Amino acid sequence: MAESESGQDKTEDPTDKRKKDAREKGEIARSKELNTVIIMIVGAAGLLAFGGSMAEMMMQLMRDNFTISRDALMDERSMSLMLMVSGKAALQSVTPLLVALTLAALIGPISLGGWLFAAGSLAPKFSRLNPLAGLKRMVSPKALIELLKSLAKFFIVLIVAIMVLSRDKNDLLAIAHEPLELAVAHSLQLVGWSTLWMAFGLLIIAAVDVPVQLWEAHKKLLMTKQEVRDEHKDSEGRPEVKQRIRQLQREMSQRRMMAAIPEADVIITNPTHYAVALKYDSEKGGAPVLLAKGSDFIALKIREIGAQHQILLLESPALARSIYYSTELEQEIPAGLYLAVAQVLAYVYQIRQFHAGRGKRPPPLNEDLPIPPDLRRDS
């Protein structure tokens, strides 16, 4: 069981953030054995596929470069030109094999762990220059595993080589009696098949190494329960910080709400426990909008600000509770309260006309306003 420096067991799977951070540092599973096998297989396949044309081109180069006229030997320019032509022809002959090996060298590393370029891994680590740390790595369990893998590779390659040589013994001896052109092509073919068989032998090492590398990478990323909690706090925000942020947001919202109260047309109260401030803009149309709402102390402050700005305070406990619980700030009231609020606004309009001397005092507002049962809230 993996254990951290604090003594806690690392029993928790790595989080997405932990995996992302490790990937940015270049700490992902890699298998050198898999890379070697892929390069060997591709190289062997390339020799088998392009070996014939390569042998033919080499033979042509040998004929061209060993059958030179006396005039060409005495001409410095012809020798340099011949060197350029021969180099170009040699490069063309090996280009398919080089391209295949280059692709294999790129595909091998990304086949396990994917494509990754971590600039941080290029930075020098002076801790690696510590002789004591180097000795510790040399006698570590990982070094022992690498030694066992190297010995296993040696013996597997040795066994496969012996089997291949035993099987191809007659072909190898026959090369000495073949014409030069045929001997070169035959040699490349034997090298290709021998490399391919040895690569297949190393597949055993790769098949064991890949799961081991994945397991070690996963084990390295394991976390303790405390690390998971700390990461969650860091990513989601610590509770005390989040609480403080919510408090500041509430205070800002309350300040904006209090600043909007002077624009209200009416304040409906409970009369003491709840208060809601409504505004209706006839030019914009739509339904009345809730500018402010509050209970207890906030309700008292709403009433005080309303009184300071001579906004009509109207007692309607049932309607005040219904609006308080059904409507959010700066939102229109629900359709079920349209009729009740319309009666309130009509009453407010009549009161204003009366105060302006353009009408009679209206009768008291009916306390039994039409509020749907689903919007009623009992005290």
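User: What volume does the largest cavity have?

Analyst: Rolling a probe the size of a water molecule over the atoms shows where empty space is left. A cavity is a set of points, on a 1 Å grid over the protein atoms alone, where a 1.4 Å probe fits but cannot get out. Grid points are joined across faces, edges and corners, and the volume is the space filled by probe spheres set on the points. Here the largest cavity has a volume of about 40 Å³. This is a predicted model, in which local features need pLDDT of at least 70 and side-chain atom pairs count only at pLDDT 80 or more, while totals for chains, interfaces and linings use all residues. Residues are numbered from 1 along each chain as its sequence is written, and side-chain values use heavy atoms, with hydrogens and water left out.

User: Which residues line the largest cavity?

Analyst: Lining residues have an atom within 4 Å of a point. For the largest cavity they are K142, I145, E146, K149, D209, V212, Q213 and E216. The elements giving two or more residues to this lining are α6 and α8 (180-221). Helices are DSSP runs of H or I, at least four residues long, and strands are runs of E, at least two, numbered from the N terminus. The protein chain has 13 helices and four strands.

User: Is S93 buried or exposed?

Analyst: Buried means under 20% relative accessible area, exposed over 50%, and partly exposed in between, using a 1.4 Å probe and protein chains only. S93 counts as buried because its relative accessibility is 11%. S93 is found in helix α4 (residues 76-110). Leaving aside neighbours within four places in sequence, S93 is in contact (heavy atoms within 4.5 Å) with M54 and M57. Of the 379 residues of the protein chain, 30% count as buried.

User: And where does A259 lie?

Analyst: A259 lies in helix α10 (residues 239-260). With a relative accessible area of 56%, A259 is exposed. A259 and L291 are 32 residues apart in sequence, and their C-alpha atoms are 9.4 Å apart in space.

User: How much of the accessible surface belongs to carbon and sulfur atoms?

Analyst: Accessible areas come from the Shrake-Rupley method with a 1.4 Å probe; for residues, only the protein chains shown count as cover. The protein chain has about 25000 Å² of accessible surface, of which 62% belongs to carbon and sulfur atoms.

Notes:
1 Å grid on protein atoms, 1.4 Å probe; cavity = no way out; pocket = protein on both sides within 12 Å on 5 of 7 lines; lining within 4 Å.
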